[in-house]
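Please read this note with the structure open beside it. The points are numbered so that each can be checked on its own.

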Amino acid sequence: MDSRVVYFISSNHERSSIAEGWASRLYIPNTVFKSAGWADARKSSLTLEAMKEINIDITGINPSIIDWHDLQQADLIVLIQDEETDERINLEPSISQKVITWNVVNPEKRAADPVTKWVLFQEICDDIALRIRDLEQHLSAHAV
């Protein structure tokens, strides 16, 4: 049986790697989760620490730039962006029908001091967790 691919994308791969980390906890048969950044490929220590705090190890998720071929092959694309601060990614119209957008704060652009940035990373981990739970219900209802 073919696998369904869900692709999480964000500007610098931090929020999308958090989403992939949460999604890796789901048991949805025949579903593969991937993540990437569109402008940059990095993962800050705060991303790793925030996820480690909730016992999800994302050190094995390597920062990468979007693979446009993978986007074409994906069954669902979750575009994670901060509508107020992130530059808008232009996706090809041919894939627009399989894109959903999550407006999630970009801590790198919302805070300069480390304490505030840490709090924002913790908050986005919680925000993304809730969105993944909703996504799980959607994916389970539309199983391959």
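1. The structure is a predicted model. Residues are numbered from 1 along each chain as its sequence is written.

2. Aromatic pairs. How many aromatic pairs does a search of the whole structure find? The search finds two. In one of them the ring centres of Phe-8 and Phe-33 are 6.1 Å apart and the planes stand at 20 degrees, so this pair counts as stacked. The pair links distant parts of the chain, with Phe-8 in strand 1 (residues 4–10) and Phe-33 in strand 2 (residues 31–37), 25 residues apart. Both of these phenylalanines, Phe-8 and Phe-33, are buried.

3. The pair with tryptophan. Phe-8 also pairs with Trp-102, at 6.1 Å centre to centre, and here the planes are 45 degrees apart, a tilted arrangement. Because Phe-8 belongs to strand 1 and Trp-102 to strand 4 (residues 99–103), this pair ties together parts that are 94 residues apart in sequence. Phe-8 has a relative accessibility of 0% and therefore counts as buried. Trp-102 is buried too, its relative accessible area being 7%. Taken together, the ring pairs link Phe-8, Phe-33 and Trp-102 into a cluster.

4. Burial of helix 1. Helix 1 covers residues 14–23. Why is helix 1 described as largely enclosed by the rest of the structure? The reason is that 10 of its 10 residues are buried. The buried residues of helix 1 include the charged Glu-14, Arg-15 and Glu-20, as well as Ile-18, Trp-22 and Ala-23.

5. Helix 1 against helix 5. Two packed helices are described by the angle between their axes and the distance between the axes. For helix 1 and helix 5 the angle is about 50 degrees and the axes are 9 Å apart. Helix 1 is therefore oblique to helix 5. The crossing of helix 1 with helix 5 is right-handed. On the helix 1 side the contact is made by Glu-14, Arg-15, Ile-18, Ala-19, Trp-22 and Ala-23, and on the helix 5 side by Phe-121, Ile-124, Cys-125, Ile-128, Ala-129 and Ile-132. The residues of this contact divide into 10 nonpolar, no polar and two charged.

6. Helix 2 against helix 5. Helix 2 spans residues 45–52; its axis comes within 9 Å of that of helix 5, and the two cross at roughly 50 degrees. Helix 2 is therefore oblique to helix 5. The handedness of the crossing of helix 2 and helix 5 is right-handed. Leu-46, Thr-47, Glu-49, Ala-50 and Met-51 of helix 2 meet Lys-117, Trp-118, Phe-121, Gln-122 and Cys-125 of helix 5. Here the contact residues divide into six nonpolar, two polar and two charged.

7. Cys-125. This residue sits in helix 5 (residues 114–141). Is Cys-125 buried or exposed? Cys-125 is buried, at a relative accessible area of 2%. With its neighbours within four places in sequence left aside, Cys-125 is in contact with Ile-18, Trp-22, Ala-50 and Met-51. Among these, Ile-18 and Trp-22 are in the helix 1 contact with helix 5, while Ala-50 and Met-51 are in the helix 2 contact with helix 5. Cys-125 and Ala-23 are 102 residues apart in sequence and 12 Å apart in space, C-alpha to C-alpha.

8. Glu-14. Glu-14 lies in helix 1 and is buried, with a relative accessible area of 1%. Which residues does Glu-14 contact, leaving aside its neighbours within four places in sequence? They are Arg-42, Lys-43, Ser-44, Thr-47, Glu-108 and Phe-121.

9. Positive phi at two asparagines. Asn-30 has a phi near 60 degrees, a positive value in a residue other than glycine. Asn-30 is placed in the loop between helix 1 and strand 2 and is partly exposed, with a relative accessible area of 30%. Asn-55 likewise has a positive phi, of about 60 degrees, although it is not a glycine. Asn-55 is found in the loop between helix 2 and helix 3 (68–73). Its relative accessibility is 63%, so Asn-55 counts as exposed.

Notes:
Predicted model: local features only at pLDDT ≥ 70, side-chain atom pairs only at ≥ 80, totals over all residues. Heavy atoms only, no water. Phe/Tyr/Trp six-rings, centres within 6.5 Å; stacked < 30°, edge-to-face > 60°. Helix = DSSP H or I, 4+ residues; strand = E, 2+ residues; numbered from the N terminus. Buried < 20%, exposed > 50% of the residue type's maximum accessible area, 1.4 Å probe, protein only. Contact = heavy atoms within 4.5 Å. Axes fitted to C-alpha atoms, helices over the stretch in contact; angles between N-to-C directions. Parallel < 35°, antiparallel > 145°, perpendicular 65-115°, else oblique. Left-handed = near helix turned anticlockwise from the far one by under 90°.
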